[in-house]
Amino acid sequence: MSSSSASNSSLPNRWIIAIAAFCMQLALGSVYAWSVFLKPVASLYYHVPAAQLGAAQLKPTNITFSVVLVALGITAGFGGYLNNRFGPRVMATAAGILYGLGVILAAFAAPNLIVLYLTFGIIGGIGIGLGYIVALAMLIKWFPERRGFITGLAVAGFGGGAFITGLVAAALLKSVGVGSTFLYLGIAYLVIIVAVAQVFRTAPDGYAPAGWTPTARQQSDRSVREYTLPEALRLPRWYVLWLILALNVTAGAALISVASPLAQNFTGVDALTAAIMVSVISIFNGIGRLFWGWLSDAIGRPFTFLSLFIIQVIAFALLPSITSFALLLVPAAIIALCYGGGFGTMPAFAADFFGPKNAGTIYVQAGLWGRS
Amino acid sequence: MGPILITSFGAGKSIDYATPLYIIAVLMLVSAALPLVARALARRRGDIIEVTAGTGQ
């Protein structure tokens, strides 16, 4: 498919930009595999065998991840303004350098946890915040006719990164230890992100692919005005979007956080069998980001979230009455699909209601606080 | 909120998962109209204009 409008054939291929952004999201999303590092890092810093670790060691170590999330959220808050000023190539390059450097420096932080907070947490978190906002903001402008699908793809990439890194990091931690794992992964993140960032470009103002005109539904769901973050925060609709996302996250996170014990409690299976439900939830969480994002382009964002909520009403109401493990997987998978769907669709919802220019920043604020 | 809610019922080691699941179902039911409320708010302000197919707009 051609990405260039008929009047300007010098535009880059937007699908190459989308693939590059997806690769960057895979690298950035690796931070969500933090739980794989938790015990080995705590064990290294406190000189306690992994089997004997308790809250006294795990809690301070896990603060690293909280520091990442805070740094990510704060950076993404003003990252949109920097992106508008410097452009996605410069911003993503900076993101790759900072994230990679943060993880590389973490390799030399032991045994000082404060240094780990500063390197992996703050430097790395700033890098992720810059990169995350760039991918969403850039892709929304390049794909005005597929906002849902493309933001779903970007968010799915973030989730996919955690899945891949979880496997790679677990193997590396076992074979080369904590320090070398941070070092190798940090170099890989830096190289990958800086390389793919070089194809990033901002879409021209008002860009539309050749031959595309918005459908009546698309026009009916899209704001005719561009809002900045401060302006959006003064509108009741921003708080309604935040509430929608918060409710969807609350519902999905409730099930995800107790998937294994809940399955054991309801169906009497052992922990090993219950782990199957955890895997099923992870897979459908990822699929939901793409599926609902794609569907929202056809039925509109308001009806997508209406559907997400109604489907989950049925799934949550049925869950407690199920005593068969195989049957329990069905509503669990549906809830996970809807949970991922909320993340995949909300950036496009924000772009529809506040305009694409600052949608990335506006969504990240709703997304960040909606998760809390 | 979700992880806290789901573990907030029951006594001792016996956690009651059913009650919070029903609470979530009710919460989602009463909130189902929120996406349409958001759209109505945007339309009321004039940011989103109703367009019907075939109007050429």
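Which element gives the most to the lining of the second largest pocket? In this predicted model, the answer is α5(A), with 4 residues. Residues are numbered from 1 along each chain as its sequence is written, and chains are lettered from A in the order in which they are written. Local features need pLDDT of at least 70, side-chain atom pairs count only at pLDDT 80 or more, and totals for chains, interfaces and linings use all residues, while side-chain values use heavy atoms, with hydrogens and water left out.

The lining of that pocket comprises 32 residues, and Arg147(A), Gly206(A), Tyr207(A), Glu226(A) and Pro356(A) lie nearest the centre. Two or more residues come from each of α3 (55–86), α5 (113–142) and α7 of chain A. By class, the lining divides into 16 nonpolar, 10 polar and 6 charged residues.

Turning to the interface, 43 residues of chain A are in contact with 34 residues of chain B (heavy atoms within 4.5 Å). Between them, the two chains bury about 3,300 Å², 75% of it on carbon and sulfur atoms (accessible area, 1.4 Å probe, lost on putting the two parts together and summed over both). On the side of chain A that touches chain B, α7 (216–220), α9 (236–257), α10 (259–267), α12 (301–318) and α13 (325–354) of chain A each give two or more residues. Of the elements there, α9(A) gives the most, with 13 residues. This side of chain A has 30 nonpolar, 9 polar and 4 charged residues (Gly counts as polar; Asp, Glu, Lys and Arg as charged). The count of salt bridges between chain A and chain B is 0 (a side-chain nitrogen of Lys or Arg within 4 Å of a carboxyl oxygen of Asp or Glu).

Notes:
On a 1 Å grid over the protein atoms alone, a cavity is a set of points where a 1.4 Å probe fits but cannot get out, and a pocket is an open set with protein on both sides within 12 Å along at least five of seven lines; lining residues have an atom within 4 Å of a point.
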